[in-house]
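Please keep the sequence and the model open while reading.

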Amino acid sequence: QVQLVESGGGLVQPGGSLRLSCGASGLSFSIYVITWYRQAAGKERELVASIAIRDGSTNYADSVKGRFTISRDNAKNTVYLQMNSLKPEDTAVYYCNAKFSGILRTSNYWGQGTQVTVSS
């Protein structure tokens, strides 16, 4: 049974930092691309950052470049999202997604989400 478990969300003041974690189990971690998405109230879900576990290549939304960093710990099957210089517009539920696209099959899994609130 595949599980993605997010943690690390909370309330932080503007300019502050948080580190989100996405722990994966029940899958072959190294073949997946792990992506953080977020969804603010009344808005569509948007991509924040992604990392290919196999080679560590990363991708970021323009809105978070220079402020957020995605990284992985293969030994712990965990992906992190370090969020610095947080802004009120970063407030959202953050979701972890694991996706594998192969010739014969595609696998796609979601975590339950963790709330991040940036407010003074």
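Which residues have the most contacts inside the largest nonpolar core? This is a predicted model, in which local features need pLDDT of at least 70 and side-chain atom pairs count only at pLDDT 80 or more, while totals for chains, interfaces and linings use all residues. Residues are numbered from 1 along each chain as its sequence is written, and side-chain values use heavy atoms, with hydrogens and water left out.

The largest nonpolar core has 31 residues, and Ile-34, Trp-36, Leu-81, Met-83 and Tyr-94 are those with the most contacts inside it. A nonpolar core here is a set of buried Ala, Val, Leu, Ile, Met, Phe, Trp, Tyr and Cys residues joined through side-chain atoms within 4.5 Å. Buried stands for under 20% relative accessible area, exposed for over 50%, and partly exposed for the range in between, with a 1.4 Å probe and protein chains only. At least two residues of this core come from each of strands E3 (18-25), E4 (33-39), E5 (46-52), E7, E8 (78-83), E9 (92-101) and E11 (114-118). E9 gives the most, with five residues. Strands (E, at least two residues) and helices (H or I, at least four) are DSSP runs, numbered from the N terminus.

The chain has zero helices and 11 strands. Its radius of gyration is 14 Å, close to the 14 Å that the globule rule gives for 120 residues, so the chain is as compact as a globular protein of that length. That radius is taken over C-alpha atoms, and the rule is 2.2 Å times the number of residues to the power 0.38. Along the principal axes, the C-alpha atoms fill a box of roughly 50 × 25 × 25 Å. Of the 120 residues, 41% are buried. Among contacts (heavy atoms within 4.5 Å) between residues at least 6 apart in sequence, 53% join residues at least 24 apart.

Val-48 is in strand E5 and counts as buried at 1% relative accessibility. Leaving aside residues up to four places away in sequence, Val-48 touches Trp-36, Tyr-37, Arg-38, Asn-59, Tyr-60, Ala-61, Val-64, Phe-68, Leu-81 and Tyr-94.

Thr-69, in strand E7 (residues 68-73), is partly exposed, with a relative accessible area of 41%. Beyond four places in sequence, Thr-69 touches Tyr-60, Tyr-80, Leu-81 and Gln-82.

How do the strands pair, and over how many bridges do E4 and E5 do so? Two strands pair if DSSP finds at least two bridges between them. E4 and E5 are antiparallel over six bridges, and Trp-36 has Ala-49 as its bridge partner in E5. Their hairpin has six residues between the strands, and Gly-42 takes a positive phi near 80° there. E4 also pairs with E9 in the antiparallel sense, over seven bridges; in E9, Asn-97 is the bridge partner of Thr-35.

The aromatic rings come next. Rings of Phe, Tyr and Trp (its six-membered ring) pair if their centres lie within 6.5 Å; planes under 30 degrees apart are stacked, over 60 edge-to-face, and the rest tilted. The whole structure holds three aromatic pairs. Tyr-32 and Tyr-109 form a tilted one, 6.3 Å centre to centre with 45° between the planes. Tyr-32 lies in the loop between E3 and E4 and Tyr-109 in strand E10 (residues 106-110), so this pair ties together parts 77 residues apart in sequence. Tyr-32 is buried at 4% relative accessible area, whereas Tyr-109 is partly exposed at 28%. The rings of Tyr-37 and Trp-110 have centres 5.1 Å apart and planes at 50°, so that pair is tilted. Tyr-37 lies in E4 and Trp-110 in E10, so the pair ties together parts 73 residues apart in sequence. Ring pairs also link Tyr-32, Phe-100 and Tyr-109 into a cluster.
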